[in-house]
Structures are given as C-alpha cells and as structure tokens.
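The following paragraphs lead the reader through one protein structure, beginning with the whole chain and ending with single residues. Please keep the structure in view while reading.

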Amino acid sequence: MKQLRILSLFLLVCAVTSCSQQRPKGTDISLTWGLVGNYYEGDLFLSQLQLKNNGTSALDNKNWSLYFNFCRKYNQDKLPKEITIEHVNGDLFVLKPTKDFKALQPGDSVKFDLYGGYWTLNESDAPAGFFFVFDEDKEKPVIEEAGALTVLPFLTEKQLNRSATDKVVCENETVRFERDSALTILPASSICPITPTPLSYTIGKGSLLIDPSIVIAADKAFTPSAEFLQMKWEKALGGKPAIKELDKTSTVKQVSLIKDAALNGEAYELTVSATKGITIKAGTNEGAFYGVQSLLALDPPHSTTSWDIPEIVVKDKPRFAFRGMSVDVGRNFQKKETILKFLDAMAAYKLNKFQFHLTDDEGWRLEIKELPELTQVGSRRGFSTDEKEMLLPSFGSGPYPDKTCGSGFYTRADFIEILKYAKARNIEVIPEIDFPGHSRAAIKSMLVRYNRLKAEGKIEEAEKYLLNDLQDSSKYESVQMWTDNVLCPCQESTYNFITTVVTSIEDLYKEAGATLTTIHTGGDEVPHGVWEKSPKCADLITKQPEIGQLGGVSNYFLARVSDILSKKGLTVGGWEEIALSKVKVGDAVQHVPNTAFINKNFRPNVWNNVWGWGQEDFAYQLANAGYKTVLSNVTNLYLDLAYSKDPKEPGYYWGGFTNTKKVYEFIPLNIYQNASVDLLGNPLDLTSLANKVRLTAQGKENILGIQGQLWTENTKSGEMAEYLVFPRLLAVAERAWAQDPAWAQVADATKRNQLLLQAWNEFANRVGQREMPRLDDLAIGYRLPPPGIVIKNEMAYINAEFPGSTIRYTTDGSEPNAESSVYNAPIAAKKGTIVKTITSSRNGRISRSSTATAQ
C-alpha cells in the first residue's frame with residue numbers, strides 16, 4: 001500500500017508538471033510587426049501583428065495576456081474576432097484571446113490586421129516591450145518576456161507617407177546626394193577654428209608651441225578657469241601645467257588670465273602670440289572661462305605631449321545670456337555618466353543653462369529623503385496590477401524593473417556631484433519638477449505612502465502629501481494617453497508636497513555650493529476635463545467663486561506655486577502654458593498672454609510653433625506682453641525629432657524632421673523668415689503668417705535666449721541620447737552665442753538662400769573637419785550621416801553631409817567598415833556593381849550604409 005501511495009503521488013506530480021508544460025514559454029512566441037500602409041479610410045493606418053509558435057506546446061485561447069507599449073490607439077470596431085486589445089493606461093496595451101482564437105500549434109503562426117488612428121512612419125513607431133502574463137494560477141500569475149520582435153521594412157508609398165498630401169521627401173541615397181551636391185570641401189584656412197563663431201577673429205601667420213614647459217598665470221578671480229585649463233591639458237601634456245599668480249613681467253611661456261574691467265559679463269579677448277604667449281582678458285570668471293574654451297578649441301585633435309596652435313586675436317561675447325539644453329530623464333533614465341558628458345559638451349560650446357527634466361508620468365528620478373516612496377516606487381517600472389511597488393511599463397521598458405532605462409534615479413550624492421560638475425563649467429542646473437500635469441509618478445508614489453500610513457492608523461500623516469482627490473471621478477486623457485496623471489490643486493497636501501520637494505532641492509544645492517535660481521514647474525499639457533468632478537475643487541470654488549471661471553483652477557494653482565517659490569527668491573520656470581490664459585471667442589477657446597503673472601517672475605519656455613497649427617507666434621506674444629521668454633521651438637530645437645523622413649531614423653516627427661541644417665537655419669528674432677512649408681511639406685499660407693505677431697523693440701529685449709530639448713521616449717541608452725543630440729547641439733550653440741548672421745538679415749528669399757548656403761557650407765565643413773574629431777576627444781558619441789550616392793555613366797559619385805568626413809566604400813556588395821577603401825574620387829561601377837558606402841570617424845565610428853546598384 002505504501003508503494004502504491006508513492007506511485008500515485010509520483011503520477012500526480014507528473015500530471016501537474018505535464019499540465020504546467022502544456023503551454024509554450026513566452027520566449028517561444030516570436031513576433032513580427034509590419035505597417036501595411038497609412039491613410040486607410042481617412043486617417044487610419046493598417047498594421048499586421050504576427051505571432052509564431054517556436055515551442056513544442058500549443059498556445060490555446062485562455063489563461064494568457066500579451067502586454068506591449070504602443071504610441072497609437074487601435075480602432076476597436078475593426079479588431080479581429082480572435083482577440084481583444086484593451087488600453088491599460090498611457091502607452092500600455094494588453095492583447096487577449098477570445099473563444100474564437102484557435103490554438104496556435106508548434107511551428108504555426110497567426111497574423112492579425114490591426115487598424116489604428118493617424119499613422120506610423122518609422123521603426124520607432126513600432127510596438128515594443130512585449131511580455132506575457134500567464135494566469136493559470138490567478139493568485140500567482142507567471143510573467144515572461146515574449147520572443148524576438150521583427151519589424152518589417154517600410155517600402156511602399158503608403159508606408160512612407162502619412163497621407164496622400166504628404167509632400168515631405170523620404171530620404172535615400174539619391175536624395176542625400178542631390179541635397180548635398182552644392183557643398184564643397186574647404187581648405188582648413190577657410191574654416192572658422194572656433195565654434196560657436198566668435199564676434200571677430202584674426203589669424204596670424206605664426207604659431208605657438210604648447211609643451212610641458214607652459215605655465216598658467218591667473219588673476220585670483222580667475223583661479224577656477226585656470227584650474228579647468230590645467231585639468232584639460234594635464235592628460236595631453238603628461239602632467240599638470242603649473243598655476244601661479246599673475247606676473248605681467250614674466251618672460252616664461254605662459255597663459256595669462258588677466259582681469260579687465262572694460263569687458264562686461266561673459267565677454268573675453270584671446271590673443272595667441274608666437275613670441276608673447278597666450279593672453280586671455282575678461283571682466284568676470286565666466287568670460288575668462290569662455291576664453292579658455294576658445295583656446296582649447298584651437299588644439300588639434302588627439303593632441304599629445306606638444307602641439308602648435310595658430311597665432312590669433314579673438315574678441316568675443318555672446319548674443320544671448322540664456323544658452324540652454326534640456327534633457328528629459330523622466331521618460332527614460334539616463335545614467336549620471338551621460339549627463340556629465342553632456343555638461344562637458346555644453347561647456348566646450350559655451351552653453352550655460354542645463355534644464356534637468358527630473359520627473360514625469362513615467363518616472364521620478366531624484367532622491368528626496370523626506371519622501372522615499374518617490375524613488376522606491378516612482379523611479380521603477382515593471383509589470384504590476386496595483387502599482388504598489390513600481391509603475392506600469394512604458395516605452396517598451398518591459399515587465400522587469402531595474403533591467404532597462406525605464407528604472408533608475410539619482411541619489412543625493414549623484415545629484416550633488418552633477419551640480420558641482422556643472423558649476424565648475426559655468427553651467428546653471430535648472431531642475432524641472434513637472435506639475436500639475438505629467439505628475440503620475442509622484443501621484444502614484446504618494447498614494448502608496450498614503451495607503452501604508454492609513455493602514456498604520458496614521459490618517460493625518462497619510463494625507464499630508466496626498467496629490468490626488470480620492471473622490472475625483474473626472475474623465476480625461478492626456479496627450480500621452482494617461483487617464484490619471486494630473487494632481488489636485490484644490491487640497492493643501494499638494495502644496496505641502498511642493499514645498500517639501502523644493503526645500504529638499506534647495507538643501508542639495510547648498511551642499512553642492514551651487515546657486516539655485518529657478519524651479520522649472522513644467523505646467524504643460526493639462527488635458528481637458530480635469531477637476532470637473534473633483535469634490536475638493538467644487539468645495540474650493542464654492543468658497544472662492546472666481547476660481548470657477550475658465551482657467552480659474554489653473555490660475556489658482558500657479559498663484560500658489562508662485563507664492564511658494566517667490567518666498568524662496570526663486571524664478572517660476574515653465575513651458576508656455578504657465579504664461580497663457582484661455583479666453584472664449586464665440587464658440588472657440590483661444591490662448592492669450594496671461595496678464596496675472598507678467599510681473600510675478602515667471603519665465604516661459606515656448607515650444608509650440610508647428611507651422612500650420614496656428615500658434616506659431618506664442619513666443620513673440622508673450623515677450624511683447626512683458627514675459628522674459630526662452631525660445632524652445634519644436635520645429636528647430638527639439639533634438640529628439642528624427643533627423644529625416646527615413647524609416648530607419650529613430651525619433652518622433654510630430655513637429656517635423658530636424659537635421660543639423662534645420663537647427664542652423666533658426667532665426668530667433670524672426671522665425672517666419674525661413675518658414676515655407678507646413679508639417680506635411682505643403683506650401684504655407686503666407687498671408688496667414690503675415691498676420692502673426694512680430695517682436696516689438698521691447699519684445700526683443702525680453703527674448704532671453706534659446707534652448708535645445710531632448711525628450712527621451714525613444715532614447716533607451718546613453719548612446720542613443722548622444723546620437724540624437726550631436727552634432728545638432730553644435731548648431732544650437734551657434735545660434736545661441738554667435739551674432740545674428742548676415743544671411744538672416746536679407747529680406748529677398750533668393751539672395752538670402754544663396755548666402756545661407758555659403759554659410760552652411762562653411763559650418764558643415766567645420767563640423768566634418770574640426771568638431772567631430774573634437775567630440776571624439778571628448779569621448780562623446782554623435783550621428784554620422786550616411787553618404788549620398790548616384791551612379792552615372794558607370795561611375796559612382798559619393799558625397800557627405802559634412803564635407804571632410806571620411807567616406808569608405810565597397811563594390812562587391814559587402815558591408816563597408818572602418819577599414820574599407822577611402823573614397824577620394826568617382827569610382828568605376830559597371831552594370832550590376834553594388835556600391836555600399838559609409839562615413840567613418842577616427843575612432844572607428846561608422847554611419848549606416850548607403851547602397852546603389854549600377855543599372
């Protein structure tokens with residue numbers, strides 16, 4: 001009997017094991033996604049999702065769900081009967097089988113036609129982050145990543161265009177060749193040696209040898225700049241050059257940093273003499289620092305032990321006081337090392353404001369010691385049914401926390417290190433804590449805190465930092481498809497939270513010895529419908545009826561935030577929405593400058609100037625009204641947008657496509673000058689543009705400067721961040737520092753474009769011949785554009801977007817690499833020859849290849 005019982009138990013275990021194995025593993029199910037085409041039945045796109053079973057067990061129609069992230073919503077009326085697709089929240093969706101789903105046998109595949117809203121245009125649009133939840137055991141569901149995803153190529157007209165009226169040319173090797181055919185390789189003597197372009201410079205005939213004997217002599221006020229130069233030259237010289245007190249009578253070869261009260265602000269003068277050494281004059285340490293940066297720009301790439309720099313006289317000062325770069329680490333976390341690289345590049349190119357987008361719906365990235373839940377919960381993403389331990393997956397971050405850039409945060413020590421690093425490079429760090437919208441990570445974190453303390457019976461403490469009205473039944477959806485991402489402005493706990501966070505940030509700056517001047521509050525993209533059914537807002541409106549007017553709750557919130565920050569002597573930064581108010585014009589709602597905050601130390605960054613949308617003049621309206629304004633225009637300054645209309649180029653394109661030339665063409669004080677086509681490449685209504693607001697004399701004074709933006713929905717690594725930012729950031733720096741170029745002041749479009757082409761040719765040569773090697777020396781990655789190529793009369797002609805770049809090629813159909821033949825002149829290409837070509841850098845970096853076949 002005992003043996004029989006053992007045998008029965010053994011059979012039972014085998015049966016259970018067999019049952020658990022009667023489904024494939026998640027990784028057994030591979031996926032293929034492809035776009036069939038856009039503009040189906042109006043503004044729908046049609047895609048296909050294929051599931052293939054590579055396992056040994058069938059996938060049946062129960063006890064599984066397939067989760068994934070996608071930037072578009074599906075048309076529910078057109079779903080196949082075999083599946084449902086539900087919108088969970090944000091960009092998270094779940095696909096489930098219905099009773100009509102036929103078991104997917106080993107080796108078989110099934111394909112679903114899926115219709116969605118608007119369009120998809122490049123590989124970045126593809127769904128991502130697929131994972132299965134198997135719930136045979138409802139109490140303990142099993143989470144497994146799906147198999148590999150294959151994205152099919154975009155080839156047809158309907159795949160390459162958003163609509164039948166999309167006139168933006170899809171980039172290929174021929175288009176690239178024609179676009180860059182007017183560019184020529186310039187001799188080094190015709191290229192400005194310093195970027196951004198100085199106010200004036202004169203190159204002499206001689207040169208000065210930099211070697212280990214050189215000494216740095218500095219006015220005491222310029223010791224930080226002297227120490228920075230010492231640090232930069234230490235590795236190349238094989239040791240630190242000595243720093244001594246300034247002695248104008250010294251005959252030792254030296255770099256003299258001299259205080260000159262006649263030079264104001266960030267102005268400097270740099271003189272390199274073969275006989276007298278190097279002199280940098282400035283009125284402030286900031287000016288001296290930028291003189292040092294210009295001196296370093298003269299160093300040839302890969303300098304070691306000793307090198308020559310040319311004799312030169314430079315007189316220089318910036319056009320704008322605010323020269324910024326914003327990096328979003330909320331959507332996808334970027335490591336501290338990436339941020340430090342960005343700060344190095346900003347310093348090298350004389351940018352001085354770093355806006356640090358630390359929070360968003362998808363992540364809270366800064367440790368606040370008083371509120372540990374913000375990083376314990378809000379900095380992590382992974383699969384969760386209740387979000388008690390982590391936030392939902394976004395942007396393909398997958399089911400497991402802490403394994404991708406969906407998770408991560410800066411400790412207090414990390415942040416202090418970043419602040420110190422920035423300070424040493426004359427960069428002000430502007431923290432952005434986004435509210436009242438884009439606040440989901442904070443809301444969910446504080447809800448976890450609330451529930452924990454409530455369970456402990458500490459009700460008053462639980463409610464102290466609560467950010468949402470628990471009884472609010474308002475229905476809304478943000479642009480990013482969140483339904484619960486806006487905090488409640490009508491409860492005191494919200495302001496307790498903001499005060500505590502701001503105070504904690506103040507403490508970090510004090511510990512770092514850095515100056516905090518501004519809190520950027522975000523303030524953008526608050527969706528329609530928020531607070532409409534909030535009991536707490538209803539109660540507040542009863543007490544203060546004026547809050548119930550159009551935009552009243554938002555104004556109340558901004559006034560409260562302004563009060564908190566003004567008591568701390570801080571500027572209220574924010575996106576344009578903080579300075580706009582809504583007014584009714586007939587049945588329509590329009591935005592106009594909000595007069596309530598003009599004198600409240602508000603500083604808007606204005607982003608929305610998409611051509612054809614009707615808001616192109618918001619920045620100028622606000623500046624004319626009296627707001628100190630930073631231009632952050634999406635059309636030219638969003639560095640997360642795809643470089644070109646090419647399915648292989650990563651990035652969004654809702655504001656257009658933005659290559660380095662597009663950034664370079666930006667005219668800050670007359671943005672209409674180069675506007676000619678709308679988002680789809682169709683001619684703009686110039687009459688409409690003519691009626692847009694122009695800057696007044698006072699308005700021009702209120703434009704503080706410009707700022708480049710990197711949003712990170714598609715930026716899932718430091719390498720990708722660098723690819724998107726560089727070399728475009730060099731053009732941002734050029735427009736922020738250099739004076740208004742001559743071509744920008746020419747009214748005649750034909751003549752202006754001729755002058756622009758000449759200027760761009762020089763700048764493109766500068767990037768290709770000087771600045772890319774400098775970025776290599778800074779260990780900063782960048783995008784190398786694929787070359788252009790055409791084959792005519794059995795000869796292949798190849799060119800590069802940045803003349804002087806090294807072009808390599810093969811003619812046997814193989815992929816070229818950093819060792820392939822260098823292109824210097826047209827090459828023979830008889831019929832059938834497959835020419836593949838790349839651009840490469842000195843450190844082995846290569847571009848995507850271009851291919852042409854001789855016909």
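The accessible surface of the protein chain comes to about 35400 Å², and carbon and sulfur atoms account for 51% of that area. The coordinates come from a predicted model, and every value given here was computed from it. Of the 855 residues in the protein chain, 57% count as buried.

The overall form may be considered next. The protein chain contains 21 helices and 35 strands. Its radius of gyration is 29 Å, close to the 29 Å that the globule rule gives for 855 residues, so the chain is as compact as a globular protein of that length. Along the principal axes, the C-alpha trace spans about 105 × 80 × 70 Å. Among contacts in the protein chain with a separation of 6 or more, 75% are made by residues 24 or more positions apart.

In soluble globular proteins, nonpolar side chains tend to be buried together. In this model, the largest nonpolar core has 161 residues, and Trp233, Ile278 and Phe497 have the most contacts inside it. Helix α11 (residues 492-512) supplies the largest share of this core, with 9 residues. A second, separate core has 31 residues, including Phe68, Ile85, Phe130 and Leu160.

Which residues are in contact with tryptophan 233, leaving aside its neighbours within four places in sequence? Among them are Ile210, Ile214, Val255, Ile278, Leu295 and Leu296. Gly239, Pro241, Asp299 and Trp307 are also in contact with tryptophan 233.

Helix α14 (residues 618-625) shows how an element can lie inside the structure. Because 6 of its 8 residues are buried, this helix is largely enclosed by the rest of the structure. The buried residues are Phe618, Ala619, Tyr620, Gln621, Leu622 and Ala623. The cover over these residues includes the strands β24 (580-585), β25 (588-593), β26 (602-606), β27 (629-631) and β28 (703-710), together with helix α18 (697-702). Just after α14, glycine 626 takes a positive phi of about 120°.

Two further helices provide residues for study. Threonine 338 is found in helix α6 (residues 336-348). Is threonine 338 buried or exposed? Its relative accessible area is 8%, which is under the 20% limit, so threonine 338 is buried. Leaving aside its neighbours within four places in sequence, threonine 338 is in contact with Gly718 and Ala721. Alanine 538, by contrast, lies in helix α12 (residues 535-543). Because its relative accessibility is 40%, between the 20% and 50% limits, alanine 538 counts as partly exposed. The C-alpha atoms of alanine 538 and asparagine 89 are separated by 26 Å, and the two residues are 449 residues apart along the chain.

Arginine 380 has its place between α7 (373-376) and α8 (412-423). Proline 401 is 21 residues away from arginine 380 along the chain, and the C-alpha atoms of the two are separated by 5.8 Å. Proline 401 is also one of the residues that arginine 380 touches, not counting residues up to four places away in sequence.

How values were computed: Residues are numbered from 1 along each chain as its sequence is written. Side-chain values use heavy atoms; hydrogens and water are left out. A nonpolar core is a set of buried Ala, Val, Leu, Ile, Met, Phe, Trp, Tyr and Cys residues joined through side-chain atoms within 4.5 Å. Buried means under 20% relative accessible area, exposed over 50%, partly exposed in between (1.4 Å probe, protein chains only). Helices (H or I, at least four residues) and strands (E, at least two) are DSSP runs, numbered from the N terminus. Contact means heavy atoms within 4.5 Å. The radius of gyration is taken over C-alpha atoms; the globule rule is 2.2 Å times the number of residues to the power 0.38. Accessible areas come from the Shrake-Rupley method with a 1.4 Å probe; for residues, only the protein chains shown count as cover.
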